Structures are given as structure tokens and as C-alpha cells.
Amino acid sequence: MRKPYFRGRSIHRLDAKGRLRIPSKYREVLQNHYTDALVITLLEGCLVAYPPEVWEKIEDKTESLSDVDPKHRAFMRLFISAAEECEFDNKGRILLSPFQRSKAGLNSEVLLVGVLKGFEIWDTAAWESHDEWNRSHYKEIMEGIASEGF
């Protein structure tokens with residue numbers, strides 16, 4: 001049996017209300033391995049979507065962070081507080097809140113990027129800029145991964 005990972009990239013459009021149709025390959029991962037819903041938050045210039053069960057593990061780890069450490073509080077304010085639960089409508093769409101769309105700079109065309117435990121939702125122009133940086137730092141990134149034992 002395949003592991004329940006999100007892989008690949010695909011371009012999609014938000015409708016006028018901010019609804020996004022999730023591709024069937026991602027829906028199948030959710031329906032076959034998780035609750036058929038998502039928790040979406042902000043991360044590094046994009047939105048990132050997790051199955052509720054994966055998000056629960058993130059929250060469990062977050063509970064052990066210090067309430068008074070400034071870096072821990074900043075993480076909770078940036079990442080945890082921006083999280084919103086999203087359920088699918090009968091057409092397989094989720095509604096991205098105006099707050100999340102604004103903070104991630106999402107326009108009508110978005111790119112979904114599978115990153116194993118979840119997937120990212122990028123404005124296509126922002127993705128191009130981010131991807132250009134990744135490509136220009138390819139050697140450094142790969143050396144760092146290799147030093148981690150990959």
C-alpha cells in the first residue's frame with residue numbers, strides 16, 4: 001500500500017469567493033488515509049494544508065513549547081494562530097478565508113505543491129520567485145541535505 005503522501009505540482013484557479021478545488025489525487029489521500037478535511041495555515045509566503053490528523057501532531061508538539069520564550073510565542077502567533085479548519089463542499093472545494101488569501105498574496109491562479117505530509121498553496125508569481133531562489137541555491141541545499149544523512 002502506498003504511503004499517504006502528497007506529491008506533485010498543479011496549477012488551479014480560485015473562484016471569486018476564494019474557493020479552491022482540490023485535485024483528486026490529493027482528495028484520494030485524504031479520503032483513504034485521513035479525515036476528509038484540511039487545516040490550513042501560513043508558512044513562508046504561502047499557505048500550507050495538512051490533514052487534521054497531521055495537524056493534531058503539530059499541535060501536540062507545540063504544547064511542549066514555552067509560554068514565555070519569545071521565539072516560541074512568535075511561532076505560535078505566526079503559524080498556529082493563522083490555522084483554520086476547512087471542510088469540503090459538495091463540489092470538492094474548500095473556502096480559503098480572505099485573511100489567509102491576503103496574507104499569502106493569493107490571486108486567482110495558484111500552484112499546489114505536494115510536500116509529503118501536506119501541500120502548499122502558492123500564488124504562481126510568488127512561487128516563481130521562491131523557486132528561482134531555490135534553483136540558484138541548489139548546491140547549498142543539496143549539501144545541507146546530504147549532511148543530514150540523506
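This is a predicted model: local features need pLDDT of at least 70, side-chain atom pairs count only at pLDDT 80 or more; totals for chains, interfaces and linings use all residues.
Buried residues account for 38% of the 150 residues in the chain.

**Figure 1. Overall architecture of the chain, with six helices and eight strands.** Along the sequence, these elements follow the order β-β-α-β-β-α-α-β-β-α-β-β-α-α. The radius of gyration is 16 Å, close to the 15 Å that the globule rule gives for 150 residues, so the chain is as compact as a globular protein of that length. Taken along the principal axes, the box filled by the C-alpha atoms is roughly 45 × 40 × 40 Å.

**Figure 2. Salt bridge between E109 and R13.** This pair is one of six salt bridges found in a search of the whole structure. The side chains of E109 and R13 meet with an N to O distance of 3.5 Å. E109 belongs to strand β7 (residues 109–114) and R13 to strand β1 (residues 9–13), so the contact ties together parts that are 96 residues apart in sequence. E109 is partly exposed, its relative accessible area being 29%, whereas R13 is exposed, with a value of 54%.

**Figure 3. Salt-bridge network around D15.** D15 pairs with R19 in a salt bridge whose closest N and O atoms are 2.5 Å apart. Both partners are partly exposed: the relative accessible area of D15 is 25%, and that of R19 is 23%. D15 also meets R93 in a salt bridge, at 3.8 Å from N to O. This second pair links distant parts of the chain, with D15 in the loop between β1 and β2 (19–21) and R93 in strand β6 (residues 93–95), 78 residues apart. R93 counts as buried, because its relative accessibility is 14% and the buried class covers values under 20%. Through salt bridges that share partners, D15, R19, D89 and R93 are joined into one network.

**Figure 4. Negative surface patch with contributions from α2 and β5.** The patch is formed by E53, E56, E59, D60, E63, E85 and E87. Helix α2 (52–63) and strand β5 (84–87) each supply at least two of its residues. The largest share comes from α2, which provides five residues. One of the residues in the patch is E59, which is placed in helix α2. E59 is partly exposed, with a relative accessibility of 36%.

**Figure 5. Nonpolar surface patch formed by W133, Y138, I141, M142, I145 and F150.** Together, these residues have about 680 Å² of accessible area. Helix α6 (residues 138–147) gives the most to the patch, contributing four residues. W133 is found in helix α5 (residues 124–136). At 45% relative accessibility, W133 is classed as partly exposed.

**Figure 6. Loop residues E44 and L116, each with a positive phi.** Most residues other than glycine have a negative phi. E44, although not a glycine, has a positive phi of about 50°. E44 is located in the loop between β3 (37–43) and β4 (46–50). With a relative accessible area of 56%, E44 is exposed. L116, likewise not a glycine, has a positive phi of about 70°. The position of L116 is in the loop between β7 and β8 (119–123). L116 counts as partly exposed, at 41% relative accessibility.

**Figure 7. I22 in the loop between β2 and α1 (24–33).** I22 is buried, with a relative accessible area of 4%. I22 and W127 are separated by 105 residues in sequence. In space, the C-alpha atoms of I22 and W127 are 18 Å apart.

Key
Residues are numbered from 1 along each chain as its sequence is written. Side-chain values use heavy atoms; hydrogens and water are left out. Patches are made of residues with over 30% relative accessible area and no salt bridge: like charges are joined within 9 Å, nonpolar side chains (Val, Leu, Ile, Met, Phe, Trp, Tyr) within 5 Å. Accessible areas come from the Shrake-Rupley method with a 1.4 Å probe; for residues, only the protein chains shown count as cover. A salt bridge is a side-chain nitrogen of Lys or Arg within 4 Å of a carboxyl oxygen of Asp or Glu. Lys and Arg count as positive and Asp and Glu as negative; His and the chain ends are not counted. The place of a charge is taken as NZ of Lys, CZ of Arg, CG of Asp or CD of Glu. Buried means under 20% relative accessible area, exposed over 50%, partly exposed in between (1.4 Å probe, protein chains only). The radius of gyration is taken over C-alpha atoms; the globule rule is 2.2 Å times the number of residues to the power 0.38.
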